[in-house]
Amino acid sequence: MKAARAVPLIAVLAAALCVFPAGESMDDFGRLIPKTIGAWEAREADRVYDRTTLYDYMDGGAEVFLAFDFREVWTRRYAGPDGGTEGRELTLDIYDMGSPAEAFGIFSCDREDPEAGIGQESEADFGLLRFWQGRCFVTVTAAEDDETSQRAVLDVGRAVVGLLGPPGPKPDLIGYLPAGSLRADRTSFFHSNVNLNNRYFVASENILGLDRSTDCVFAEYDAAAGEAGCLLVVRYPDAAKAEAARRSFLAAYLPEAGADGLARTENKKWVLALRKEAVLVVVFEAPDPDWARTLASSVPSLKSPSR
Amino acid sequence: MTPIITRRDFLTGTTAVVLGAHLARAQEPAAAKTARVVLIRHAGVLDENSAINPDILQGMLDEAVMKLLDESDPVAAFGRLVKPGETVGIKTNVWSYLPTPKELEAAIKRRLVDAGIAEDRIGLDDHTVRTNPLFINATSLINVRPLRTHYLSGMSGTLKNYIMFAESQPDYHPDSCADLGALFKLPIVQGKTRLNILCALTPQFHGRGPHHFSRRYVWAYKGLIVGRDPVAVDTIGLRLIMAKRREVLGKAQELPPVPKHIQLADTRHGIGTSDINAIEFIKLGWGEDILI
């Protein structure tokens, strides 16, 4: 498998300069975004939450955002055609994630629904639209998930996307993934253990030593008979930390593995962990040892983070 | 340190063992029961639009509390929990996507009044319990909230419901909210909780989106889980969530992020039991698709 490195330089430069149109701040969304969209109307004051106040806004998700470079979220509620009395209400959240890579990251960790064609990548179903554009991650959530609400969710998304600035690049680490049978829309980028465990539960403790200093990509590949093999690539600040994580992982998860870091697990699939400079590569759910070795060997060595 | 649970524990079916459920010893006859938990369900408590029948709900609460305390009258049962002249705080949950139903709050309040608590000395609050005089002066607390998964702690149950009593909520977030059990040792709370109610009328078994909510992952289970020990109540609640996830999402997603705080509330903070063998689990009412 060959590495699919495709992060154009121009996109990187665009990301460095990425601002909202005409240099507005999040507060400016209040005047730029229509207060009436179709039969839906904003009746309450808009709100902005930052890293310290995010807990006031969400219960159950704040830590997930704080594990990224989240800056602020601008939020507005729209009451439905019934004035919201029958529970029809939409919530628009625009998250400034600090960079396009981080916006892609938060989007990529929770994908289940069909593409909606809004922004750089999107998904929508059951009254929830999620997309990313530039350094922004956007959600539109309906209290109800009927057809009227679902249509309005998409209308609100389309009304907003043009205000979010130019597209930005995905994280560079994505570009190092072996192409092969990669399921591109199942690739996630993140930093912390909370994100890994919500994407693919590995262990109740942080046995890989993940934190905001680590860049992680979790990807799925077609294996056999519709099944997926999984690849976790973690880039540590230095090789010593990567080696410590490899040892910790093998001790807690794969104690029977030999020097090659390979072992068969209870579901008759294979797991392989190996270090390449500052990168730890772990293959899960491999159908056989060769499949695991081939996938892992296709990941190039990386000495240190690019940030 | 808690034992590390890995994905491989799911593959071998030993997750419950490491979680403290000790299923391997479940057949042993002589385990001492230190906590009683009652699950009650009624097929008619929700209509096809999930509207609550308040009379049926009141009956469910009454029956569960009577069974919990071996009483034959609901007022007598509540009279075992609180005494006339007390100030009682009902710690509810107002999370907009899945709040404690008003009908359940009303049912609790009604029985407290019946048991002799003056109406103006019953507090009902969530976010402002720390400054609410009725909670500051409360001598008894009733802990009630819906059962749902949580992105960080794994599960939101009766233990997590007390996080609003903390001066700083983020202080309880490290290590997947491992130390939520410590909330029950805060002076405003310690020794005051008389009843814990997990509302499982429409539990949420998985989350999506920024607020970790999607109606597709809520189902009409039509139950209440009631007990005096919050750890035991949450232990049963977790088993229900795990069973539903296993059924819908598959064995590999049986657990949300591991809710280690439940076991640690037992082993580290000593406020109750998470050992299924020490829990007398009583099931009442409707049995269809009961899952646990």
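Colleague: Are α3(B) and α4(B) parallel or oblique to each other?

Modeller: Two packed helices are described by the angle between their axes and the distance between the axes. In this predicted model, local features need pLDDT of at least 70, side-chain atom pairs count only at pLDDT 80 or more, and totals for chains, interfaces and linings use all residues. Residues are numbered from 1 along each chain as its sequence is written, and chains are lettered from A in the order in which they are written. The axes of helix α3 (residues 54-69) of chain B and helix α4 (residues 74-81) of chain B come within 9 Å and cross at roughly 60°. α3(B) and α4(B) are therefore oblique to each other (under 35 degrees is roughly parallel, over 145 roughly antiparallel, 65 to 115 roughly perpendicular, the rest oblique).

Colleague: Which residues of α3(B) and α4(B) meet?

Modeller: B:Asp62, B:Val65, B:Met66 and B:Leu69 in α3(B) meet B:Pro74, B:Ala77, B:Phe78 and B:Arg80 in α4(B). Contact requires C-beta atoms, placed from the backbone, within 7 Å. This group divides into six nonpolar, no polar and two charged residues.

Colleague: And between the chains, how many residues of chain B are in contact with chain A?

Modeller: There, 27 residues of chain B are in contact with 30 residues of chain A. Helix α1 (residues 7-12) of chain B gives the largest share of chain B's side, four residues.

Colleague: Which residues are buried in helix α9 (residues 289-297) of chain A?

Modeller: A:Ala292, A:Leu295 and A:Ala296 are buried (20 or more other C-beta atoms within 10 Å of the residue's own). Seen down the axis of α9(A), they fall within an arc of 95°, so they line one face of the helix. Their cover includes β10 (215-222) and β11 (228-235) of chain A.

Terms used. Two residues are in contact if their C-beta atoms, placed from the backbone, lie within 7 Å. Helices (H or I, at least four residues) and strands (E, at least two) are DSSP runs, numbered from the N terminus. Axes are lines fitted to C-alpha atoms, for helices over the stretch in contact, and angles run from 0 to 180 degrees between N-to-C directions. Ala, Val, Leu, Ile, Met, Phe, Trp, Tyr, Cys and Pro count as nonpolar, Asp, Glu, Lys and Arg as charged, and the others, Gly among them, as polar. A residue is buried if 20 or more other C-beta atoms lie within 10 Å of its own, exposed if 12 or fewer, and partly exposed in between; C-beta atoms are placed from the backbone. The arc is that of the directions from the helix axis to the C-beta atoms.
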